[in-house]
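Here is a quick walk through the model below, helix by helix. Keep the 3D view open while you read.

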Amino acid sequence: MRLVHSIALSFALAAATIAAAAQQPKSPVTITPSADTAAPHTWTTEQILTCTVSDCWQLSGKNETTFFNIIQQLAEISAQTRGLTLPDDAAAGQRTGEYIKAKAHTDHGQLLYAIVDAAIRKVGTRPTATGTK
């Protein structure tokens with residue numbers, strides 16, 4: 001869980017940069033931005049898997065918390081799909097967040113999932129088999 005919180009801190013710093021550079025036409029998707037992380041969202045998994053950094057920023061309603069919710073969902077999808085366990089380590093979370101922030105900042109046209117997936121592959125570990133001889 002610390003990984004998630006550290007990523008959140010990194011994205012809070014990066015959101016202003018993304019907002020300034022992501023000045024593309026609005027997505028036809030409507031979402032009500034909310035600071036409440038438990039608030040329901042209107043995007044589908046298929047949408048966020050195929051959205052660019054800029055598209056996801058638009059999809060989030062240009063809301064940092066909502067944008068981070070998208071990143072969290074993508075991170076969970078990546079870790080689960082690849083069978084990886086994410087470390088419960090603040091330093092690993094900070095490195096992951098910095099990596100995502102740097103990659104998202106350099107190319108707003110890149111698929112956000114590709115960036116998040118690359119970050120998760122860097123920090124995730126395969127579970128060890130217990131009880132094997």
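## How α4 meets α6

Start with two helices: α4 and α6 pack at an angle of about 55°, and their axes are 9 Å apart. An angle like that makes α4 oblique to α6. The handedness of this crossing is right-handed. Keep in mind throughout that you're looking at a predicted model.

Who does the touching? On the α4 side you'll find Phe67, Ile70, Ile71, Leu74, Ala75, Ile77, Ser78, Ala79 and Arg82, and they meet Leu112, Tyr113, Val116, Asp117, Ile120 and Arg121 of α6. Sort the residues of this α4 and α6 contact by class and you get 11 nonpolar, 1 polar and 3 charged.

## How α5 meets α6

Helix α6 (residues 112-123) has another partner in α5 (residues 90-106): these two pack at about 150°, with 9 Å between their axes. Since anything over 145 degrees counts as roughly antiparallel, α5 is roughly antiparallel to α6. Here, too, the helices pass each other in a right-handed crossing.

From α5, the contact uses Ala92, Thr96, Tyr99, Ile100, Lys103 and Ala104; from α6, it uses Ile115, Val116, Ala118, Ala119, Lys122 and Val123. The class tally for α5 with α6 is 9 nonpolar, 1 polar and 2 charged residues.

## The nonpolar core

Which residues have the most contacts inside the largest nonpolar core? They are Ile70, Leu74, Leu112 and Val116, in a core of 23 residues. As a rule, nonpolar side chains in soluble globular proteins tend to be buried together.

The elements giving two or more residues to this core are α3 (53-59), α4 (64-82), α5 and α6. The biggest giver is α4, with 7 residues.

Skip its neighbours within four places in sequence, and Leu74 is in contact with Ile48, Leu49, Leu112, Tyr113 and Val116.

## Two loop residues to look at

Lys62 sits in the loop between α3 and α4. It isn't a glycine, yet Lys62 has a positive phi of about 55°. Is Lys62 buried, exposed or partly exposed? With a relative accessible area of 36%, Lys62 is partly exposed.

Further along, Pro87 is found in the loop between α4 and α5. Pro87 has 24% relative accessibility, so it counts as partly exposed; the cut-off for buried is under 20%. In sequence Pro87 and Val123 are 36 residues apart, but their C-alpha atoms are 7.1 Å apart in space.

## The whole chain

Zoom out and the protein chain comes to 6 helices and 0 strands. Reading from the N terminus, the order of elements is α-α-α-α-α-α. The chain has 133 residues, and 40% of them count as buried.

How much of the contact picture comes from residues 24 or more positions apart? Among contacts in the chain with a separation of 6 or more, such pairs account for 81%.

Definitions and conventions:
Residues numbered from 1 in each chain as written. Predicted model: local features only at pLDDT ≥ 70, side-chain atom pairs only at ≥ 80, totals over all residues. Heavy atoms only, no water. Axes fitted to C-alpha atoms, helices over the stretch in contact; angles between N-to-C directions. Helix = DSSP H or I, 4+ residues; strand = E, 2+ residues; numbered from the N terminus. Parallel < 35°, antiparallel > 145°, perpendicular 65-115°, else oblique. Left-handed = near helix turned anticlockwise from the far one by under 90°. Contact = heavy atoms within 4.5 Å. Nonpolar A, V, L, I, M, F, W, Y, C, P; charged D, E, K, R; others polar. Core = buried A, V, L, I, M, F, W, Y, C linked by side-chain atoms within 4.5 Å. Buried < 20%, exposed > 50% of the residue type's maximum accessible area, 1.4 Å probe, protein only.
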